[in-house]
Each structure stands twice: as structure tokens, then as C-alpha cells.
Amino acid sequence: ISLLMAFIWWLSERIHNAGIVDICWSAWFSLLAILYAALSDGALSRRILIAVIVSIWSLRLALHLLRRVSKEHPKEDKRYTTLRQEWKPNDARKMLIFFQQQGISNVLLSIPFAIVALDRNPEINAITIAGVVVWCIGVLGESLADRQLSHFKHDPLNKGRTCQVGLWSWSRHPNYFFEWTIWCGFYWIACGSPWGWTTIYCPVGMLYLLLKVTGVPMAEEQSLASRGDEYRQYQKTTNKFFPGPRKQGGTA
């Protein structure tokens with residue numbers, strides 16, 4: 001993963017778009033899950049289960065991000081242009097370190113997949129099934145949120161406006177909420193195997209990152225800068241993360 005991230009960093013410097021790290025960060029999880037499944041000596045049923053569900057989620061997200069980055073190329077996401085400005089004159093070196101940190105997070109967050117793949121018990125217990133159900137809810141919700149936002153943006157009449165339809169009327173960031181739900185599913189799937197409970201840091205860490213670091217804060221800052229008062233009104237009427245009914249004064 002470290003070598004792959006080093007290559008992706010080199011490529012990002014050539015095309016002047018660090019956004020490709022998001023695509024690869026997502027894709028590497030399927031690579032790791034398949035690797036664990038192929039090399040471990042756990043029950044075949046569990047190895048197939050974890051390799052399949054991780055690959056479905058990982059590759060769907062990677063393809064979604066690829067379409068977004070390809071559409072914006074050569075325009076780089078504002079998150080990364082801001083980092084480059086802050087890190088000058090050593091922005092290239094610091095970006096390499098950032099890419100490596102992303103690779104480290106890949107490995108740490110993939111530990112639940114390894115635990116499942118190493119479990120020699122062929123019986124899929126109730127805890128594992130519950131985890132798969134939570135994972136399904138997360139994947140379906142995230143896919144629907146991405147689709148609704150994409151359809152909204154493709155309408156020329158909505159240019160410069162805030163998406164407030166479907167799941168986006170229940171949460172300002174339903175895609176992030178369901179991404180976290182997916183990680184809760186992975187955790188419960190791991191809990192169906194010995195020592196799976198030790199990976200509680202995965203959903204907790206992901207929630208922290210989404211709410212406090214790379215997810216919601218950056219998205220909110222960009223939305224306020226681009227949509228101003230309309231987005232401020234959206235903030236007053238719509239939950240930030242956890243879905244819920246609109247507050248008084250909201251519009252459909």
C-alpha cells in the first residue's frame with residue numbers, strides 16, 4: 001500500500017490533481033480484503049463474505065469518485081488546493097507524507113476484514129448477519145444519496161443552488177452518514193469473530209474524521225462560500241449529520 005501510494009502521489013504531481021488519492025484510498029480496501037481472503041486459512045464462507053461485501057462497497061465508491069474527479073480534471077478539489085497553499089514551499093513533500101498517512105489508515109481500518117478472514121468457524125452467526133444488514137442499509141443509503149445529488153446537479157436550473165431533495169432534506173450530509181453506517185456494519189461483522197470487538201476504533205474513528213476533520217467541516221465551509229445565505233437557511237432547517245425531520249420553518 002505504501003508503494004502504491006507513492007506511485008499515486010507521483011502521478012498526482014504530474015496531472016496536478018491530488019484528488020486521485022480519494023479514489024485509490026477507496027479502491028485499496030477491496031485489494032486488501034481480497035488479499036486477506038486469499039492468504040488466510042479461515043473458513044471459506046467467511047473469506048468469501050468479507051471479500052465480496054468490501055469489494056462491492058469499495059469499488060462502487062471508487063468509481064463514483066473517479067467520475068467526479070474525471071469531470072473536474074484538471075481542476076483540483078479546493079481541499080487540496082488549500083493544503084498546497086498552506087504547505088508551500090514544501091507542498092510536494094508534505095503531500096507525499098499525506099498520501100502515506102492515507103495508506104496507513106487503509107491498513108488500520110482494514111483490520112476487521114483480516115479478523116473475519118482468519119476466523120475458522122464456518123457458521124455465520126446472528127451478529128455477523130446483523131452486521132451485513134447494517135452494511136446493506138449503509139450501501140443502499142449512500143448510493144441513493146449520491147444518485148439524488150448527481151441528478152440535482154445535472155439540472156441546469158439548479159446551478160448554484162443547494163440540493164434539498166430526498167435524503168438531503170433529512171440530513172445535510174446523508175452520504176457521510178451512510179458511509180459511517182457502512183463502517184458500523186463492518187464492525188458488527190467483525191464482532192461475529194473472535195477479537196472482532198477490538199476494532200471498535202474503526203466506526204468511532206470514522207465518525208470523528210467525518211464530523212471533525214475531513215468530511216463535514218470542509219463540505220460546510222465550501223458550501224457556505226459558494227451558496228451563502230441559501231445554505232445558511234439550509235443549516236437552520238436541516239440536521240447536520242444524523243437524518244431527521246426538518247425543523248420548523250423548513251421547506252420541502
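Phe-29 is buried, its relative accessible area being 0%. This residue belongs to helix H2 of a model that is predicted.

**Surroundings of Phe-29**

- Neighbours within four places in sequence aside, Phe-29 is in contact with Val-54, Trp-57, Ser-58, Asn-106, Leu-109, Ser-110, Phe-113 and Trp-183.

**Packing of H6 and H8**

- Helix H6 (residues 111-118) packs with helix H8 (residues 174-191) at an angle of about 30°, and their axes are 9 Å apart.
- Because angles under 35 degrees count as roughly parallel, H6 is roughly parallel to H8.
- The two helices, H6 and H8, cross in a left-handed manner.
- On the H6 side, the residues that meet H8 are Pro-112, Phe-113, Ile-115 and Val-116; on the H8 side, they are Trp-183, Phe-186, Ile-189 and Ala-190.
- By class, this contact of H6 with H8 has eight nonpolar residues, with no polar and no charged ones.

**The two sides of H9**

- In helix H9 (residues 201-213), the buried residues are Cys-202, Pro-203, Met-206 and Leu-210.
- An α-helix has 3.6 residues a turn, so residues three or four places apart point the same way.
- The other side of H9 carries the exposed residues Val-204, Tyr-208 and Lys-212.
- Packing against the buried residues of H9 are helix H2 (20-39), helix H5 (91-109), H6, H8 and helix H10 (216-237).

**Backbone features in the loops**

- Most residues other than glycine have a negative phi, and most peptide bonds are trans.
- Lys-88 and Pro-89 are joined by a cis peptide bond, with omega about 5°; Pro-89 is placed in the loop between helix H4 (78-87) and H5.
- His-16, although not a glycine, has a positive phi of about 60°. This residue is found in the loop between helix H1 (2-15) and H2, and His-16 is exposed, with a relative accessible area of 57%.
- Trp-195 is not a glycine either, yet has a positive phi of about 70°. The loop between H8 and H9 contains Trp-195, which counts as exposed at 59% relative accessibility.

Definitions and conventions
Residues are numbered from 1 along each chain as its sequence is written. This is a predicted model: local features need pLDDT of at least 70, side-chain atom pairs count only at pLDDT 80 or more; totals for chains, interfaces and linings use all residues. Side-chain values use heavy atoms; hydrogens and water are left out. Axes are lines fitted to C-alpha atoms, for helices over the stretch in contact, and angles run from 0 to 180 degrees between N-to-C directions. Helices (H or I, at least four residues) and strands (E, at least two) are DSSP runs, numbered from the N terminus. Angles under 35 degrees count as roughly parallel, over 145 as roughly antiparallel, 65 to 115 as roughly perpendicular and the rest as oblique. A crossing is left-handed if the near helix is turned anticlockwise from the far one by less than a right angle, and right-handed if clockwise. Contact means heavy atoms within 4.5 Å. Ala, Val, Leu, Ile, Met, Phe, Trp, Tyr, Cys and Pro count as nonpolar, Asp, Glu, Lys and Arg as charged, and the others, Gly among them, as polar. Buried means under 20% relative accessible area, exposed over 50%, partly exposed in between (1.4 Å probe, protein chains only).
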